[in-house]
Amino acid sequence: MNPSETIIGIDLGTTFSLVAYVDERGPHVIRDETGEARLPSVIGVLPDPDGGRPRLTIGWPARNHAVEHPETTVYSIKRLIGKGIDELRAELPFLAYSVMPGPRHTVPVEIDGRRYTPEEISSIILQELKRRAEEHLGRAVRRAVITVPAYFDDSQRQATRDAARAAGLDVVRIINEPTAAALAYGIGIRQALQQQSPCAPESRGTSLLQVAPCPTSGSDGTRADAAPTQTVAVYDLGGGTFDISILRIESGVFQVLSTAGDTRLGGDDFDREIIKLVQHEVREQFGLSIESPTTKQALRGLAEAVKIRLSEQDAARIELDLGQDRLYRRQIGRDEFERLCDPLVARTIALCRSAAEDAGLAIDRIDQVILVGGSTRMPLVRRRVGETFGRTPYTALNPDEVVAIGAAMQASVLAGSPLDMLLLDVTPLSLGIETMGGAVSKLILKNTTIPCRATEQFTTFVDGQTAIKLNVLQGERELARDCRSLGEFELRDIPPMPAGMPKVEVEFLIDANGILNVSARELRSGRQAGIQIVPSHGLTREEVERIERESIARARDDIDEHRRIDLVNQVEFDTNKAEQMLAKVGHLLDAGEAARIRADIAALRKLAAETRDLDQLHRALDAFGKGTLHLAELGIREALKDGGEAEAPTARAPRDNVKT
Ligand code: AMP
């Protein structure tokens, strides 16, 4: 791609807007200096005291301005764009600013006697996104792909185009938000690339809008891709709106089969459940009603923070200073919060069912489910969506950023960029996890054809260990420090057991879209945890080649180091076990044997710490095993007598987990 020709992808959202682009490493969302990618879609108007042109604030400052000056802050302009006054009657009661019928079917916003059309307001937001992109890329940006909801009609789409033109952006394509979400996960990208711009029209209708597939541009005149038809549900739950869209992707054509939604249902409603609970209890305990705007505002902030904490933790504290030494304080558990929110989530699920029905599909036969919007971070939402569709939804990408990423992917396709790392049929590099001592256990080797699946069993290294950290790695080297970490997660609440007893099955599953699901399950207790990753993001072909070259050049040293780590771990594991057995059944040995074993333990540990001769260490470990056989037998016999399970006498040794 000619670097001067970067086409940006823009998610022009009701509450937040984002801008992204794709380079040879994959997609990137552009962030501000604080690392924040979301620009609030809010404009604050500050009147000029001398009667000149008013000053505008955009984004976060405007959002803060809204707290004190709601009447001079414009937000949610997307709800107005391209609509006539008659279509907006239901919206008007929710807006703090005033709108009025304008010329040519427009509905301008009036602030301090000055009128702004929704296109003008949107164009100010788009200008700011363009400015950010230019600053980040260090060059002018002229072209963009912009996303809109699937249900937007022609007039809303045209108004969005007009806003972009006013911002100095040429819109190369408007795409539907759910289509962007699917593209972000690589769904349909290959076909989209092969079909290119004229042949993959964007359908806009709300249901069953048929778009005929068209011949591909393949030089031999054949259809370029025979990828199977896929159906995708995009579940988008933001702060104030819910949308469900069902798509069919066939021969590079994204067809919107159906959409449903609720324009007044989202994260704010979950916050409101906490607010209602606190208001009720404050009234009961203190006889107070929380009415002042500042306390209300504080309560809103508090409720959202508690909600977000409950997405991570099982419980959260709520504390509200009511003044005059009155402090309201309580703890809320995730289960209690989920009971309050369940009816709201149930409403989204009912809409999913009706969208599936409209699309003529059985809900559990839809191929993929993608989660979009900040509120889909809630475990309750993920659980209910998973149960309803009968599959684990796609969550690997940040749900706030997925639409912007998809817009950037479409932009990249239109710019004719290679996107080659995103389109491989094989894993370009091996995938595995870090094990004890910083070694790598590879589960899927490079060049494995996808889809693919691999499982391996691990165990714990320390007695009573109740958590295992899993670091998912990509690379060819033998040590974790030389590989790329794709993500980490923790398997928690394993019942305490002796080291080596838990059986942790780790599964790596790469589906046909190249999305990696890693799960870990402790088989005795059934506890499980997992993570989802898009392993192809962030890699270039040159890097893959460099990694391959390095792994070949360092192979000998790497293998030796891996073997050393394994042996040292095994020494630690075996000597610890021997010490425990001595403590338990040492009295059954004669004094000489017990003393000899103690000396052997010390000698083996010293050797492991000092020697570089791995064969010598291996032989010493074998000899130690033989020398403690009698002790191990006594230990097992004693354990069986106690009615307990015999402990696995030895195991191979990884990080805080041990491969068995
Ligand atoms: P969006 O409109 O997609 O940016 O979504 C914003 C909504 O997501 C707000 O209601 C946030 O409170 C909510 N949200 C963001 N992060 C979390 C989280 N970790 N858990 C629950 N809700 C969240």
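A residue counts as buried when its relative accessible area is under 20%. Thr 388 has a relative accessibility of 10%, so it falls in the buried class. The model examined here is a predicted one.

The overall build comes next. The protein chain has 660 residues, and 52% of them count as buried. Its secondary structure consists of 15 helices and 27 strands. Along the principal axes, the C-alpha atoms fill a box of roughly 105 × 80 × 50 Å. Contacts in the chain were taken between residues at least 6 apart in sequence. Of these contacts, 67% join residues at least 24 apart. The accessible surface of the chain comes to about 29700 Å². Carbon and sulfur atoms account for 49% of that surface. The chain carries 82 positive and 98 negative side chains. The centres of these two sets lie 0 Å apart.

The model also holds a ligand. At Gly 374, a backbone N or O atom lies 2.9 Å from an oxygen atom of the ligand. At Ser 375, a polar backbone atom is 3.2 Å from a ligand oxygen atom. Arg 377 takes part through its side chain: one of its polar side-chain atoms lies 3.1 Å from a nitrogen atom of the ligand. Taken alone, the ligand exposes 500 Å², and the protein buries 87% of that area.

Thr 388 belongs to helix α9, residues 379-389. Residues up to four places away in sequence were set aside for its contacts. Beyond them, Thr 388 touches Ile 349, Arg 353 and Ile 363. Ala 355 sits in helix α8, which covers residues 334-359. Ala 355 counts as buried because its relative accessibility is 0%. With neighbours within four places in sequence left aside, Ala 355 is in contact with Ile 244, Ile 246, Ser 258 and Ala 260. A separation across the chain was also computed for Ala 355. Ala 623 is 268 residues from Ala 355 along the chain, and the C-alpha atoms of the two are separated by 68 Å.

Backbone geometry stands out in two loops. The loop between β20 (439-444) and β21 (452-460) contains Pro 451. A cis peptide bond joins Ile 450 to Pro 451, with omega about 5°. Asn 447 lies in the loop between β20 and β21. The phi angle of Asn 447 is near 70°, a positive value in a residue other than glycine. Asn 447 counts as partly exposed because its relative accessibility is 48%. Ser 76 occupies the loop between β7 (73-74) and β8 (98-99). Ser 76 is not a glycine, yet its phi is positive, at about 50°. With a relative accessible area of 13%, Ser 76 is therefore buried.

Gly 390 lies in the loop between α9 and α10 (402-414). At 57% relative accessibility, Gly 390 is therefore classed as exposed. Gly 390 and Gln 368 are 22 residues apart in sequence. In space, their C-alpha atoms are 9.9 Å apart. Gln 313 is placed in the loop between α7 and β16 (315-323). Gln 313 counts as partly exposed because its relative accessibility is 39%. Gln 313 and Gly 333 are 20 residues apart along the chain, with 8.7 Å between their C-alpha atoms.

Methods:
Residues are numbered from 1 along each chain as its sequence is written. Side-chain values use heavy atoms; hydrogens and water are left out. Helices (H or I, at least four residues) and strands (E, at least two) are DSSP runs, numbered from the N terminus. Buried means under 20% relative accessible area, exposed over 50%, partly exposed in between (1.4 Å probe, protein chains only). Contact means heavy atoms within 4.5 Å. Accessible areas come from the Shrake-Rupley method with a 1.4 Å probe; for residues, only the protein chains shown count as cover. Lys and Arg count as positive and Asp and Glu as negative; His and the chain ends are not counted. The place of a charge is taken as NZ of Lys, CZ of Arg, CG of Asp or CD of Glu. A polar contact is a pair of N or O atoms within 3.5 Å; within protein, one must be able to donate a hydrogen and the other to accept it, and residues adjacent in sequence count only if both atoms are side-chain atoms.
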